[in-house]
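The following note sets out points for a colleague to read beside the model. Each point takes up one region or one feature.

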Amino acid sequence: MPKYSVIVPVYNRIDEVRDLLESLSHQTFTDFEVILVEDGSTLPCREVADSYRGRVDVKYYYKSNEGRSIARNYGIDRAQGDYFVFFDSDCVIPPEYFSILDRELTDSPADCFGGPDAAHESFTPTQKAISFAMTSFLTTGGIRGGKMQMEKFVPRSFNMGYSRKVYDAVGGFREMFSEDIDMSTRIRNAGFSTRLIRKAYVYHKRRVNLMKFWRQVHVFGMSRITLKLLYPGSLKLVHALPAIAVITGLILSLAGIFLSPWWFLPLGIYVAAIFVTALTDTRSAGIALRAVPASVIQITGYGTGFIKAYFTSIILGRGRNIDKEIAMRKGK
């Protein structure tokens with residue numbers, strides 16, 4: 001039996017799955033299986049999976065489209081490992097990942113664990129800019145495992161794992177947005193330990209253009225309110241900062257139009273800080289220039305989603321039966 005079961009939900013990601021399996025074929029620690037769950041794709045990756053048999057212990061399953069959480073749970077039910085490790089299909093895994101993970105868990109066991117993400121050198125400049133926008137302390141407060149953090153680390157499903165013991169006690173993922181944060185919260189509330197393994201990072205491709213990126217982070221902002229309804233004490237200042245930034249930016253813009261252009265100075269300083277930090281991190285002026293609009297999109301997309309959901313779900317009270325709605329989706 002393998003020690004680790006890697007579970008990956010897939011939906012129309014042939015090229016990404018090929019890159020993922022290629023990276024997993026070069027792992028220096030190989031006591032793991034890979035379970036690909038094709039969630040009703042119209043462009044299935046079965047042939048790609050078959051081409052890696054013999055190089056990777058890969059098992060392929062095709063099911064009707066029901067959502068990534070149900071796909072993950074489908075994979076868990078067929079997994080044989082002591083630990084379940086979750087990657088997104090658009091991740092590339094460094095060759096030392098499982099060696100580092102196994103060593104860290106042997107030296108300091110944890111029930112639940114996760115690591116950060118980074119941009120691979122092969123990524124496009126836009127993908128690298130988006131990676132900066134999602135991982136920089138200036139934009140997200142380092143909540144995804146950054147070196148500087150404003151909030152306690154919460155494992156995310158692009159790089160996350162937990163033991164079979166956790167699954168037996170807590171169950172699987174719920175089909176909802178930010179299902180990984182919900183899962184991590186349930187694990188912590190059940191009394192299990194959670195650990196950030198900073199050296200166990202993955203390369204995460206994320207979105208390939210800024211429009212898709214905006215839609216993604218807008219949903220992230222909305223889902224933060226869903227999490228507040230599920231866990232009233234979970235909302236922290238760091239989660240509201242993008243919404244505060246959006247409102248502040250609007251006020252400063254109006255003030256600059258009607259009062260004085262000096263009101264734009266704080267915005268200019270912030271944009272300059274993003275550019276300089278991105279330039280320092282990436283050593284590329286082109287990526288740093290792209291990081292500015294990517295960071296603005298990250299903040300405004302998340303912030304407007306947060307504001308929209310707060311107004312509809314909290315002020316108007318349309319989201320107060322979220323537990324019942326989720327239970328209904330699960331057929332309970």
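1. Helix α8. In this predicted model, helix α8 spans residues 179-189, and because 9 of its 11 residues are buried, the helix is largely enclosed by the rest of the structure. The buried residues are Glu-179, Asp-180, Ile-181, Asp-182, Met-183, Ser-184, Thr-185, Arg-186 and Ile-187. The elements that cover these buried residues include helices α3 (68-77), α7 (164-170) and α9 (210-230), together with strands β6 (112-114), β8 (159-163) and β9 (194-196).

2. Ser-178 has a positive phi of about 60 degrees and is not a glycine. This value deserves mention because most residues other than glycine have a negative phi. Ser-178 has a relative accessible area of 11% and is therefore classed as buried, the limit being 20%. Just after α8, Gly-191 also takes a positive phi, of about 95 degrees.

3. Arg-283 lies in the loop between α11 (265-282) and α12 (285-315). Its phi is near 55 degrees, a positive value in a residue other than glycine. Is Arg-283 buried or exposed? Its relative accessibility is 77%, so Arg-283 counts as exposed.

4. The sheet β5-β10-β7. Three strands form an open sheet in the order β5-β10-β7, with mixed pairing. The edge strands are β5 (91-92) and β7 (117-118), each of which pairs on one side only. Strand β10 (residues 202-204) runs parallel to β7, and 2 bridges join them. Within this pairing, Asp-117 has Val-202 of β10 as its bridge partner.

5. Asp-88. This residue is found in the loop between β4 (83-87) and β5. Its relative accessible area is 18%, and Asp-88 is therefore buried, given that the limit is 20%. Which residues does Asp-88 contact, leaving aside its neighbours within four places in sequence? They are Val-8, Leu-20, Arg-72, Ser-157, Phe-158 and His-204. Asp-88 and His-204 are 116 residues apart in sequence, and their C-alpha atoms are 8.1 Å apart in space.

6. Aromatic residues. The structure holds 16 aromatic pairs. One of these, Tyr-97 with Phe-98, is edge-to-face, with 5.1 Å from centre to centre and 75 degrees between the planes. Both partners are buried: Tyr-97 has a relative accessible area of 3%, and Phe-98 has a relative accessibility of 0%. Tyr-201 and Tyr-203 also form an edge-to-face pair, at 5.6 Å centre to centre and 75 degrees between the planes. In this pair, Tyr-201 is partly exposed, with a relative accessible area of 31%, whereas Tyr-203 counts as buried at 17%. One aromatic cluster is made up of Tyr-4, Phe-29, Phe-32, Tyr-83, Phe-87, Tyr-97, Phe-98 and Phe-113.

7. Arg-78 and two tyrosine rings. The charged end of Arg-78 sits over the ring of Tyr-61, 5.8 Å from its centre. Arg-78 also lies over the face of Tyr-74, at 3.4 Å from the ring centre.

8. Cysteines. How many disulfides does the structure hold? There are 0. Cys-91 has a relative accessibility of 1% and so counts as buried. Cys-112 counts as buried as well, at 0% relative accessibility.

9. The chain as a whole. The protein chain contains 13 helices and 10 strands. Of its 332 residues, 52% count as buried. Among contacts between residues at least 6 apart in sequence, 76% join residues at least 24 apart. The chain exposes about 15700 Å², and carbon and sulfur atoms supply 58% of that area.

Conventions. Residues are numbered from 1 along each chain as its sequence is written. This is a predicted model: local features need pLDDT of at least 70, side-chain atom pairs count only at pLDDT 80 or more; totals for chains, interfaces and linings use all residues. Side-chain values use heavy atoms; hydrogens and water are left out. A disulfide is a pair of cysteine sulfur atoms within 2.5 Å. Buried means under 20% relative accessible area, exposed over 50%, partly exposed in between (1.4 Å probe, protein chains only). Helices (H or I, at least four residues) and strands (E, at least two) are DSSP runs, numbered from the N terminus. Contact means heavy atoms within 4.5 Å. Accessible areas come from the Shrake-Rupley method with a 1.4 Å probe; for residues, only the protein chains shown count as cover. Rings of Phe, Tyr and Trp (its six-membered ring) pair if their centres lie within 6.5 Å; planes under 30 degrees apart count as stacked, over 60 as edge-to-face and the rest as tilted. A charge sits over a ring if NZ of Lys or CZ of Arg is within 6 Å of the ring centre and within 35 degrees of the ring normal. Two strands pair if DSSP finds at least two bridges between them.
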